Amino acid sequence: MSTATAPTSTGQVLADLLPASRVRDAALVVGGAVLTGVAAQIAVPVPGSPVPVTGQTFAALLVGTSLGAGRGFLALALYAVAGVAGVPWFAEGGSGAGAVSFGYVLGLLLASAAVGALARRGADRSVLRTAGTMLLGEAIIYAVGVPYLAYAAGMSFSAAVAAGLTPFLIGDAVKAALAMGLLPTAWKLLDRR
């Protein structure tokens, strides 16, 4: 029987380990939006697709998982609203709601809330649970982004899947692997304090 106890418990996300205040929460929300906007600038064009591979999905899932459902959703809502209002921090310096890839931004909102809710239940504490959490988050992003792409670009659904999902699966696996290493490791390091 082990006598080691962990100072962190299910019901917390990483952000909850910081001293609580409204200033903290506001800073985390703004920081999450900025992180997502900066990560969106890491963009690699995909031949045959109007949607580039970006760091934005990784950032959004990391923000949701680290901040929890409420703060994660607010961070991504701020990212979306500021981008629609003209801040050029969508993929490749874009802004506005007119891009065919805007559905992915909407999917980020829902995904950040979903992965944040799962993280509060401990889904970011082990490699396997983190993998499942990231997979669910990516599925939510695609569930909104691909149909939006089909509609906005006038594509068939199968063409939208070919242009807006299939080319991204390897990159998403790499992003999930990064999260699978990063999040459980962060918890383990914090548990040693």
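Helices (H or I, at least four residues) and strands (E, at least two) are DSSP runs, numbered from the N terminus. This is a predicted model, in which local features need pLDDT of at least 70, side-chain atom pairs count only at pLDDT 80 or more, and totals for chains, interfaces and linings use all residues. Residues are numbered from 1 along each chain as its sequence is written, and side-chain values use heavy atoms, with hydrogens and water left out.

**Exercise 1. Which helix gives the most to the nonpolar patch?**

Solution. 
- Patches are made of residues with over 30% relative accessible area and no salt bridge; like charges are joined within 9 Å, nonpolar side chains (Val, Leu, Ile, Met, Phe, Trp, Tyr) within 5 Å. A salt bridge is a side-chain nitrogen of Lys or Arg within 4 Å of a carboxyl oxygen of Asp or Glu.
- The surface patch consists of Val30, Val34, Val38 and Leu78, with about 300 Å² of accessible area together. Areas come from the Shrake-Rupley method with a 1.4 Å probe; for residues, only the protein chains shown count as cover.
- Helix α1 (residues 22-40) gives the most, with three residues.
- Val34 is found in helix α1. Its relative accessibility is 39%, so Val34 counts as partly exposed; buried means under 20% relative accessible area, exposed over 50%, and partly exposed in between (1.4 Å probe, protein chains only).

**Exercise 2. Which residues do the salt bridges that share partners join into one network?**

Solution. 
- Side chains of opposite charge can pair when their charged atoms come close.
- The count of salt bridges comes to six.
- Another salt bridge joins Arg24 and Asp25, with the closest N and O atoms 2.8 Å apart. Arg24 is buried, with a relative accessible area of 12%, whereas Asp25 is partly exposed at 25% relative accessibility.
- Asp172 and Lys175 form a salt bridge with a closest N and O separation of 3.8 Å. The two residues both lie in helix α7 (residues 169-191), three residues apart, about one turn of the helix.
- The network of salt bridges that share partners is made of Asp16, Arg24, Asp25, Arg71 and Arg120.

**Exercise 3. Is Lys175 buried or exposed?**

Solution. 
- Lys175 lies in helix α7.
- At 12% relative accessibility, Lys175 counts as buried. Its salt-bridge partner, Asp172, counts as buried at 9%.
- The side chain of Lys175 also reaches the backbone oxygen of Thr54 at 2.7 Å.
- Contact means heavy atoms within 4.5 Å. Leaving aside neighbours within four places in sequence, Lys175 is in contact with Val53, Thr54, Thr57 and Phe58.

**Exercise 4. Where is Asp124 found, and with which side chain does its side chain make a polar contact?**

Solution. 
- Asp124 is found in the loop between α4 (102-120) and α5 (127-153).
- With a relative accessible area of 1%, Asp124 is buried.
- A polar contact is a pair of N or O atoms within 3.5 Å; within protein, one must be able to donate a hydrogen and the other to accept it, and residues adjacent in sequence count only if both atoms are side-chain atoms. The side chain of Asp124 makes such a contact with the side chain of Arg125, at 3.3 Å.
- Beyond four places in sequence, Asp124 is in contact with Thr65, Ala119, Thr130, Leu183, Pro184 and Trp187.

**Exercise 5. Which residues does Ala91 touch, not counting residues up to four places away in sequence?**

Solution. 
- Ala91 is found in the loop between α3 (69-84) and α4, and at 18% relative accessibility Ala91 counts as buried.
- Ala91 touches Ala40, Pro52, Thr54, Gln56 and Tyr79.
- For Thr54, the separation from Ala91 is 37 residues in sequence and 6.8 Å in space, C-alpha to C-alpha.
- Glu92 is found in the loop between α3 and α4 too. Phi of Glu92 is near 60 degrees, a positive value in a residue other than glycine. Most residues other than glycine have a negative phi.
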